[in-house]
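Colleague: Could you show me how to read a pocket lining and the confidence values in a model such as this one?

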Amino acid sequence: RDRLTQHCVSLLLCLPRDSFDRLLSEDVPAAASSAASTASNFEGKGVEAIDVVLNLLDTRLALFSASCTADPAAVAAVLPAGVSLTGGALENLVPVLSALFEACRSSRTIRRYCKHRLLPRRSSDQMAQLPEEGASMRSRLCRTLTHPCTQAADMAASLVHALCKASIARAVRHTGYGNFAGFLARRGLLAAGPSAGDSTVYSSDSSGDGEDEDEDDGAGAADQQGGAADGDKAN
């Protein structure tokens, strides 16, 4: 099943961008969607297929992190029982990141759900930790951003960039400036503005869609209002 899922995810890279909406199930009745949010229901859509891809990504990120230790026992401990991989950790991770990147660029619902799973709102305890600390998907994704393998690091950064509606400020807020600096440097954005060759196009509904800027933006707005009354306190 694991190997079949990996092949299906790789197949998604061959589909046209307007096909990714078909990964969402038929509309869920309003009564069912308003009663209680389940893992397979998001904004009135069934997201079972996206859950499968995200669960595969979780396994691949854990495997990729374990492979960096060069300890075969650590790699074996990450794999589910009865699962054996063909190819290395890198070859199994990059296609999953690429498929989710294309899906998030093409569908607003998929992007919002993936952001809900990959970059959830952090609790006060988590805010005291570095983004790359821990065993969550966010933490593993942040560690991938600084991996020496630029192929995996760049694809992970591109996915975070897409999840944040192509906003560098939001991406940095979720992952940390140091973790995201490599992505900025490769695009010439550390010392100057956007490079002329950066012409990434996102779906028309991926910006200005009424989504909360970040889950933490409410606190930022409050700080700005307080700053108008007391500049020292805002600083």
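Colleague: How do the residues lining the second largest pocket divide into nonpolar, polar and charged?

Modeller: A pocket is an open set of points on a 1 Å grid over the protein atoms alone, where a 1.4 Å probe fits, with protein on both sides within 12 Å along at least five of seven lines, and lining residues have an atom within 4 Å of a point. In this predicted model, where totals for linings use all residues while local features need pLDDT of at least 70 and side-chain atom pairs 80 or more, the lining holds six nonpolar, five polar (Gly counted here) and five charged residues (Asp, Glu, Lys, Arg). Of the 16 lining residues, Arg122, Gln126, Ser136, Arg138 and Ser139 lie nearest the centre. Two or more come from each of α6 (108-118) and α8 (137-145), helices being DSSP runs of H or I with at least four residues, and α8 gives the largest share, three residues.

Colleague: Where is confidence lowest and where is it highest?

Modeller: With pLDDT, the predictor's confidence per residue from 0 to 100, the mean is lowest in α12 (residues 217-229), at 42, and highest in α6, at 94. The protein averages 76, and 66% of the residues score at least 70. Residues 204-211 stay under 50, with 12 contacts (heavy atoms within 4.5 Å) beyond four places in sequence. Where pLDDT is low, the predicted coordinates should not be read in detail.

Colleague: Is Arg60 buried or exposed?

Modeller: Arg60, in helix α3 (residues 48-67), is buried because its relative accessible area is 0%, the cut-off being under 20% with a 1.4 Å probe and protein chains only. Residues are numbered from 1 along each chain, and side-chain values use heavy atoms, leaving out hydrogens and water.

Terms used: Buried < 20%, exposed > 50% of the residue type's maximum accessible area, 1.4 Å probe, protein only.
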